[in-house]
Amino acid sequence: MRNVMISPSILDSDFSEIKATIKMLNGVQAEFIHFDVMDGNFVPAITFGPKIMKPLRPLTKAVFDTHLMINNPDKYADLFMDAGADIVCVHQEAVRDMNAMIKQVRNRGKKIGVSIKPNTPSSVLYPYIEKLDLILVMSVEPGFGGQKFMEPMLGKVRDFRALIDKNKYNCLIEIDGGINKTNAHLAVEAGVDAIVAGSAIFGSADPAAAIRELRASFVKTC
Ligand code: DX5
Ligand code: ZN
């Protein structure tokens, strides 16, 4: 049985209540916390930077799963690692020298993830997969929470699952975008190790209950 983790995206949470949100995530034992960093350039929206992340670090032991939807991620990755990022996930489409990017993160003892947008095929990551800690398959166009899940993206999850299992690579597969309690089991069946969910959790009146329900929705599948 695979242990599938949940990575709540705080993008659409109420930032005036961020401490209470982290406390709630600790209470439900969320394994990861997903930080959606947007620069108004790689994607149209702007969210937050390392200064917002840093004061949250002492509040939790959860893995800080940092999704950098930014151009020139090599320029900013160190700032996020300084602020407490455990996983630095960059976009393949924004990286010029992937080997250098991988080294930059690995040299600091942090985990390197690479994300691909819906139109980017899985094969672009095959040359690097052996060196990656995480692959993040986008199941919406990056930029906004609350979009509709793109089911065909599960084909990429299956491709990566087969390759990772066949070669016994030590790389997690995460899916991000439009996941809720009705479709999470499809992602788990396809082979993900971690599920990002934003609006399905923080759009709910009871986010802790929403996390429990999300877990329960796929637990029989893993
Ligand atoms: C989209 C972000 C996602 C998003 C998830 O660009 O990367 O992490 O916030 O939100 P939902 O679950 O609402 O699609
Ligand atoms: Zn994300």
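Predicted model: local features only at pLDDT ≥ 70, side-chain atom pairs only at ≥ 80, totals over all residues.

Me: Where does Asp193 sit, and what is it in contact with?

Reply: Asp193 is in the loop between α6 (184–190) and β8 (194–197). Leaving aside neighbours within four places in sequence, Asp193 is in contact with Arg2, Asn3, Val4 and Met5, and also with Arg161, Cys171, Leu172 and Ile173.

Me: OK, on to the metal. Which residues are the protein donors of the zinc ion (ligand 2)?

Reply: The protein donors are His34 through NE2, His67 through ND1, and Asp36 and Asp176 through OD, lying 2.1 to 2.3 Å from the zinc ion (ligand 2). Along the sequence, the donor residues follow the spacing H-x1-D-x30-H-x108-D.

Me: And what do Asp36 and Asp176 tie together?

Reply: Asp36 belongs to strand β2 (residues 32–38) and Asp176 to strand β7 (residues 172–176), so the pair ties together parts that are 140 residues apart in sequence. Asp36 is buried at 5% relative accessible area, and Asp176 is buried too, at 8%.

Me: What's the arrangement of the donor atoms around the zinc ion (ligand 2)?

Reply: The arrangement is octahedral, because the 6 donor atoms around the zinc ion (ligand 2) subtend angles of 71 to 169 degrees. For reference, ideal angles for six octahedral donors are 90 or 180 degrees.

Me: Nice. Switching to helices: how do α3 and α4 pack?

Reply: Helix α3 (residues 73–82) packs with helix α4 (residues 98–106) at an angle of about 10 degrees, and their axes are 10 Å apart. That makes the two helices, α3 and α4, roughly parallel. The crossing of α3 past α4 is right-handed.

Me: Which residues make the contact?

Reply: From α3 there are Pro73, Asp74, Ala77, Asp78 and Met81, and from α4 there are Met101, Gln104 and Val105.

Me: Tell me about Val105, then. What does it touch?

Reply: Not counting residues up to four places away in sequence, Val105 touches Met81, Val88, Lys110, Lys111 and Ile112. Val105 is buried, at 0% relative accessibility. As for Ala187, it is 82 residues from Val105 along the chain, and their C-alpha atoms are separated by 28 Å.

Me: I was also looking at Leu134. Which strand is it in, and is it buried or exposed?

Reply: Leu134 lies in strand β6 (residues 134–138). At 1% relative accessibility, Leu134 is buried. Beyond its neighbours within four places in sequence, Leu134 has contacts that include Phe32, Ile87, Cys89, Val114 and Glu174.

Me: Last topic, backbone. What is the phi of Gln29, and what about Asn72?

Reply: Gln29 has a positive phi of about 55 degrees, though it is not a glycine. Asn72, also not a glycine, has a positive phi of about 50 degrees. In general, most residues other than glycine have a negative phi.

Me: Where are those two?

Reply: Gln29 is in the loop between α1 (18–27) and β2, and Asn72 is in the loop between β3 (63–69) and α3. Gln29 is exposed, with 62% relative accessible area, while Asn72 is partly exposed at 24%.

Key
Residues numbered from 1 in each chain as written. Chains lettered and ligands numbered in written order. Heavy atoms only, no water. Donors = N, O, S within 2.8 Å, 3.2 Å for Na, K, Ca; no water. Tetrahedral: all angles 85-135°; square planar, octahedral: opposite > 155°, others 65-115°. Helix = DSSP H or I, 4+ residues; strand = E, 2+ residues; numbered from the N terminus. Buried < 20%, exposed > 50% of the residue type's maximum accessible area, 1.4 Å probe, protein only. Contact = heavy atoms within 4.5 Å. Axes fitted to C-alpha atoms, helices over the stretch in contact; angles between N-to-C directions. Parallel < 35°, antiparallel > 145°, perpendicular 65-115°, else oblique. Left-handed = near helix turned anticlockwise from the far one by under 90°.
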